[in-house]
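Here is a friendly note to read alongside the model. Please keep the sequence and the 3D view open as you go.

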Amino acid sequence: MDIIRKQPAALPVRPNLLDYETERAGFSWTAARRSLDGLPGAHGLNIAHETVDRHAAGPRSTRIALRWRGRDDAAQDISYAQLRDLTARFANVLATLGVAAGDRVFLLCGRIPALYIALLGALKHRCVVTPLFSAFGPEPIATRMEIGAARVLVTTTSLYRRKVESIRARLPALEHVLLVDDEGGAALPPGTLALQALLDAASPAYVIGPTDPESPALLHFTSGTTGKPKGALHVHQAIVAHYATGRLALDFHPDDVFWCTADPGWITGTSYGVIAPLAHGITQVVDEADFDAERWYAILGRERVTVWYTAPTAVRMMMKSGADAARRHEFPKLRFIASVGEPLNPQAVVWGVEAFGLPIHDNWWQTETGGIMIANFPALDIRPGSMGKPLPGVEAAIVRRTPDGGAEPVDAPDVEGELALRAGWPSMFRTYLNEEARYRKCFSDDWYLTGDLARRDADGYYWFLGRADDMIKSAGHLIGPFEVESALMEHPAVHEAGVIGKPEPVIGEVVKAFVALKAGFEPGEALRRELLGFARKRLGAAVAPKEIDFVATLPKTRSGKIMRRLLKARELGLPEGDTSTLEST
Ligand code: 6R9
């Protein structure tokens with residue numbers, strides 16, 4: 001597909017990154033850190049100070065920080081000054097409850113104002129915060145809260161009753177459950193507190209304690225192909241990268257209205273749906289509702305969004321309803337569109353031009369990297385299908401694994417290999433919680449190995465080729481097959497299960513399970529439906545398999561591991577590849 005040429009001088013707003021090579025040559029993380037204030041009295045660096053208090057104390061205090069739009073036309077605008085008071089109240093509530101710095105606070109809510117207030121308020125109190133996706137079922141919630149030893153949970157009455165009550169006995173560390181929606185009327189479920197009454201009684205003033213920039217701030221779970229999900233731990237210092245990528249990759253300017261469509265339960269919705277825009281003191285739109293093409297066009301127009309960060313699945317869903325549907329709306333202020341999370345088809349990049357008059361800029365990163373690492377920058381020509389070039393301050397490489405288990409960068413262009421990043425950027429994860437060995441396995445010398453396969457062309461653009469492992473990306477959400485297999489195996493009829501991502505044109509991949517039954521159980525439509533429902537109830541709609549096939553046995557290696565790759569090859573009618581390790585049956 002043709003290159004989309006950029007003429008930086010002709011863009012309506014001068015991009016922050018005007019020339020890639022110049023910016024790269026002049027960039028340093030030490031200098032980037034100077035865009036932030038630091039806590040008064042040189043008491044370190046705290047995300048909540050940089051995103052809230054420093055703007056509330058200055059000329060931007062009355063600017064809208066969060067422009068919240070509810071599911072049924074409810075709306076709330078929260079200024080930086082209001083956000084300072086609300087987050088201070090929440091931090092004071094934690095203090096009153098005896099919650100200490102370093103304690104883990106989990107959030108399980110839809111995209112409602114309380115989620116944002118609790119997240120930032122908990123960071124003020126120097127707690128470690130984990131937002132969980134509210135479409136998770138009880139099982140993924142329990143696993144993550146167990147690993148994270150959650151001491152506090154902020155949730156809604158309905159989510160508590162549906163998803164937490166049944167697993168509470170598994171969570172001995174959980175002391176406080178704060179319900180955001182209780183209005184003091186009906187009796188509270190036992191073992192919970194009404195948050196609003198506590199907030200009302202709390203002071204709206206809070207002085208953030210000294211915060212070491214290297215102290216933990218956010219714990220984001222990401223799935224593994226084997227074993228339990230991994231808790232990627234990020235520190236307050238990560239905000240240096242959020243700020244820098246907001247400036248360079250998303251091109252934030254002081255008057256911007258930004259909309260990141262991701263939920264904070266996934267890292268994009270925290271790094272860019274909370275931290276980066278607020279770090280810049282701009283206005284960000286939060287929509288509580290799920291995807292709906294017409295609703296989204298209306299929001300982009302009505303809220304006068306200038307910069308929009310979304311996902312390929314959403315773009316492909318819009319493409320289904322045609323560019324005309326978009327063109328019936330006006331987007332008077334929209335000037336930059338970016339997307340992340342899965343491969344963005346070249347057609348989708350160009351469709352942006354048809355629908356919005358703007359191409360879509362793909363960028364790449366992971367839960368572990370904490371922020372954007374490779375991007376199509378506003379001033380850079382786009383090669384549709386490419387993820388773009390490394391962020392200034394980030395060194396990327398294509399590496400080849402060496403026989404001794406190490407990795408060495410390949411200098412030649414157009415070689416397929418594993419994408420690696422040189423350790424040292426501020427938002428790099430600092431460990432997998434309680435799993436230091438698993439963390440260390442991600443590095444070879446000082447290269448962080450991403451687990452993605454890619455190539456770099458002669459001009460330095462990176463092209464995504466696939467994952468080196470069995471992880472599934474469905475509608476932009478990373479799903480670990482092991483978690484799905486384990487849930488299915490809880491069912492009395494299931495002997496074994498193997499789970500793969502089956503390619504699908506709109507959402508990228510659907511979760512598909514192959515199930516071998518225990519003796520005495522017969523495959524059939526009724527059992528298939530029962531298993532689908534069983535998995536959905538435990539895992540939640542976002543993670544559960546959409547398809548189940550019964551098989552007599554699952555292909556396994558001689559050491560007993562299910563060969564998901566082979567299941568996938570057979571499903572797709574592809575060559576089976578190397579089956580030398582296949583156990584003979
Ligand atoms: C931010 C986020 C990370 C994995 C990553 C890769 C895939 C992300 C992509 C992309 C192709 C892109 N991925 N961006 N694949 N093109 N532009 O998504 O984090 O949920 O941890 O997923 O997503 O496979 O390794 P996370």
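1. Ground rules. This is a predicted model, in which local features need pLDDT of at least 70 and side-chain atom pairs count only at pLDDT 80 or more, while totals for chains, interfaces and linings use all residues. Residues are numbered from 1 along each chain as its sequence is written, and side-chain values use heavy atoms, with hydrogens and water left out.

2. Salt bridges overall. Side chains of opposite charge can pair when their charged atoms come close. A search of the whole structure turns up 52 salt bridges (a side-chain nitrogen of Lys or Arg within 4 Å of a carboxyl oxygen of Asp or Glu).

3. Arginine 69 and aspartate 77 form a salt bridge, with 3.2 Å from N to O. Arginine 69 is buried, at 15% relative accessible area, whereas aspartate 77 is partly exposed, at 37% (buried means under 20% relative accessible area, exposed over 50%, and partly exposed in between, with a 1.4 Å probe and protein chains only).

4. A pair between a loop and a strand. Aspartate 446 and arginine 422 meet in a salt bridge at 3.0 Å, N to O. Aspartate 446 sits in the loop between strand E21 (443–444) and strand E22 (447–456), and arginine 422 in strand E19 (residues 417–422), so the pair ties together parts 24 residues apart in sequence. Helices (H or I, at least four residues) and strands (E, at least two) are DSSP runs, numbered from the N terminus. Aspartate 446 is partly exposed, at 35%, and arginine 422 is partly exposed, at 32%.

5. A link between distant parts. Arginine 565 forms a salt bridge with aspartate 470, their closest N and O atoms being 3.5 Å apart. Arginine 565 belongs to helix H18 (residues 564–572) and aspartate 470 to the loop between strand E23 (462–467) and strand E24 (472–474), 95 residues apart.

6. The second largest pocket. Its volume is about 560 Å³ (the space filled by probe spheres set on the grid points, which are joined across faces, edges and corners). A pocket is an open set of points on a 1 Å grid over the protein atoms alone, where a 1.4 Å probe fits, with protein on both sides within 12 Å along at least five of seven lines; lining residues have an atom within 4 Å of a point. Which of the 27 lining residues are closest to the centre of the second largest pocket? They are Arg467, Asp469, Asp470, Arg565 and Lys568. H18 gives the largest share of this lining, six residues.
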